[in-house]
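Hi,

Here is the structure I promised to pass on.

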Amino acid sequence: MTPRTALVTGAARGIGAATVRHLTGRGYAVLAVDVAADDPALPYALGNKAELAAVASQTGAEAFVADVRDPAALAAAVAEAERRWGGLDVAVAAAGVIAGGVPLWEVPPEQEDAVLDVDLRGVLNLARVAIPALLRRPRPRSGRFLAVASAAATRGLPMLAAYCAAKAGVAGLVRALGAELGGTGVTANAVSPGSTDTPILAESARLYGLPGAEDFAAQQPVARLLEPAEIARVLAFLADPDSGATTGAVVPVDGGLAL
């Protein structure tokens, strides 16, 4: 049987890498996409080519370098998945960055742009090129467009205003897409992680002047940080053909943080 196919952005590390691992473990053919380079506007390291190559080597995924801010690059990634495997079944927008640490009006504009352009515009860009590919599958189809939102979509986090705005935008986007895709066999959903042990959380700790990411554990009722694999498992459920009753949803995977 032809394997189910997926494209995952932000695949070099964190939730994106965990999602690649989980989907390939379930037999998916996966195109692992990442910019694989630092952003001069941001004061911390992003995923790199070596990390992306390692994820691909460990999982059997195919690595593809593309910036989610570049619609043409994402279109090329989608085209590569269709060329290689004959179609696309799942697109996961997991690429994300963070910036802040000061009130909104003091955030350098280039950092604000990076957050909004990657965390929100990057999801829109992927939806624009990936959803038509999902719809190119013949009926009956079971395409899945998935995105990573955040508990920050509903909680007002001080000194992270642009990040909160971007993630709230992602939540609104998947709700609208769920409505727009009604009756097509394609669904759109998001997960809303809490404090998860990723480089973004480590950077958040630095922005707040905390000793380390572990300091965020106490704010969640589960009293620990979440692992990226825990988020990936829910994304894998939503990617499954049997998840067709769920669309336009923002599923909390947050250790109770939203409570």
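R83 is exposed, with 58% relative accessible area (exposed is over 50%, buried under 20%, partly exposed in between, using a 1.4 Å probe and protein chains only). This is a predicted model, where local features need pLDDT of at least 70, side-chain atom pairs count only at pLDDT 80 or more, and totals for chains, interfaces and linings use all residues. Residues are numbered from 1 along each chain as its sequence is written, and side-chain values use heavy atoms, without hydrogens and water.

R83 pairs with E80 in a salt bridge, 2.8 Å from N to O (the term means a Lys or Arg side-chain nitrogen within 4 Å of an Asp or Glu carboxyl oxygen). Both sit in helix α3, three residues apart, about one turn (helices are DSSP runs of H or I, at least four residues, and strands are E runs of at least two, numbered from the N terminus). E80 is buried at 16%, and it also bridges to R84 at 2.9 Å, N to O. R84 is partly exposed at 36%.

Another salt bridge joins R137 and D89, with the closest N and O atoms 2.9 Å apart. That one links distant parts of the chain: R137 is in the loop between α4 and β5, D89 in the loop between α3 and β4, 48 residues apart. R137 is buried at 18%, and D89 is buried at 10%. Shared partners also tie E62, E80, R83 and R84 into one salt-bridge network. The structure holds ten salt bridges.

Cheers
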